[in-house]
Amino acid sequence: MLPVIFNLDSDPSLFNRLASALPAEMGELEQRRFPDNENYLRVNSDCQGKDIFIFCNLFRPDDKILRLIFLTDTLKAMGANKLVLITPYLPYMRQDKQFLSGECVSSKPFSKLLSSYLDGLITMDPHLHRYHALDDIYTLHSKAVSAAPLIAHWIEQHIPNPILIGPDIESEQWVSQVAALAKAPYEILNKIRHGDKDVEISVPSNSDLQHKTPVLVDDIISSGRTMIETVKRLQEQGMKKPTCIGVHGIFSGEAYQALAAIADIVTTECIPHPSNRIEIAQPIADTANELLNELT
Ligand code: R5P
């Protein structure tokens with residue numbers, strides 16, 4: 001029996017390519033708001049005994065999470081078998097520690113919530129800093145797709161003589177992999193974060209920098225401050241205009257405009273944005289298939 005795939009999200013372009021790369025039948029959903037703005041949701045497909053993929057890309061998660069929970073609950077009541085969420089961006093991973101007393105370590109309750117309603121989860125490069133793997137907090141079966149081969153391929157095709165720069169120690173896990181695959185050197189800088197939009201980046205030490213094209217690689221671009229401060233340090237060293245590559249381009253507020261004024265920007269399709277250059281549908285679909293085979 002073919003699995004059924006539903007789209008709960010607003011990224012029809014990525015959804016359609018995913019759906020055609022998967023052996024799955026298209027599920028039909030009816031969604032609207034009641035006059036009081038509460039959500040109405042109805043599943044118009046037969047799901048009895050079938051495995052289900054739910055595409056719900058959870059950037060800006062608070063607007064989406066309730067509909068996701070409503071859908072999983074409805075599908076289970078209709079006799080669906082395994083429920084697998086496909087979310088290229090996995091939110092609430094960055095608060096992985098209590099810095100001040102009384103703070104919510106939101107990654108934990110969020111992982112408990114998803115784990116209690118779903119059997120499986122596919123995402124791309126989740127922000128693993130103090131956690132080593134999603135299994136540290138998620139009890140469902142998860143798989144993280146790596147963007148490193150896709151980014152390395154893009155760099156090889158577009159950037160002559162690159163040097164990769166990681167703005168902070170967390171970025172080393174991505175930058176080192178991309179550098180190895182693209183056969184390019186890399187350097188990791190130090191970042192001190194003083195606040196949400198206040199970061200300090202160390203000066204690069206590589207004496208070869210002037211002769212190369214700098215390519216900054218990070219998992220998330222949110223306020224853009226990490227990338228902007230890094231570009232400024234490179235400018236002080238007299239380097240060429242850099243390319244900033246983000247797996248997840250969130251670009252809150254004026255982040256995109258501010259960064260675009262001083263660097264070229266490239267992102268993967270994990271979050272829909274005009275800077276998307278790197279396609280992700282095929283590796284996500286392949287991994288979704290693998291995970292479903294392991295679950296069933
Ligand atoms: C955190 O350490 C991440 O890897 C990114 O460096 C960070 O999320 C970027 O955030 P922002 O764009 O707000 O500086």
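Angles under 35 degrees count as roughly parallel, over 145 as roughly antiparallel, 65 to 115 as roughly perpendicular, and the rest as oblique. The model in your viewer is predicted, so local features need pLDDT of at least 70 and side-chain atom pairs count only at pLDDT 80 or more, while totals for chains, interfaces and linings use all residues. Residues are numbered from 1 along each chain as its sequence is written, and side-chain values use heavy atoms, with hydrogens and water left out.

**Stop one: α4 and α5**

Select residues 148-158, which form helix α4, together with residues 172-182, which form helix α5; the two pack at an angle of about 50°, with their axes 8 Å apart. Here axes are lines fitted to C-alpha atoms, for helices over the stretch in contact, and angles run from 0 to 180 degrees between N-to-C directions; helices are DSSP runs (H or I, at least four residues) numbered from the N terminus. α4 and α5 are therefore oblique to each other, and their crossing is right-handed, a term used if the near helix is turned clockwise from the far one by less than a right angle, with left-handed used if anticlockwise. Now show the side chains of A148, P149, I151, A152, I155 and E156 on α4 and of Q177, V178, L181 and A182 on α5, which make the contact (heavy atoms within 4.5 Å). By class, this contact has eight nonpolar, one polar and one charged residues, where Ala, Val, Leu, Ile, Met, Phe, Trp, Tyr, Cys and Pro count as nonpolar, Asp, Glu, Lys and Arg as charged, and the others, Gly among them, as polar.

**Stop two: α2 and α3**

Move to helix α2 (residues 65-77) and helix α3 (residues 107-117), which pack at an angle of about 25° with their axes 10 Å apart, and are therefore roughly parallel to each other. α2 passes α3 in a left-handed crossing, and the contact is made by I65, L68, I69, T72 and D73 of α2 with F110, L113, L114 and Y117 of α3.

**Stop three: α1 and α8**

Next select residues 12-21 (α1) and 281-295 (α8), whose axes come within 9 Å and cross at roughly 50°; that makes α1 oblique to α8. α1 passes α8 in a right-handed crossing.

**Stop four: the ligand**

Finally, centre on the ligand, which 15 residues surround (each with a heavy atom within 4 Å of it), the closest being E170, D218, D219, S223 and T226. An oxygen atom of the ligand is 2.5 Å from an N or O atom in the side chain of T226. For S223, a side-chain N or O atom is 2.6 Å from an oxygen atom of the ligand, and for R94 the corresponding distance is 2.6 Å.

How values were computed:
A polar contact is a pair of N or O atoms within 3.5 Å; within protein, one must be able to donate a hydrogen and the other to accept it, and residues adjacent in sequence count only if both atoms are side-chain atoms.
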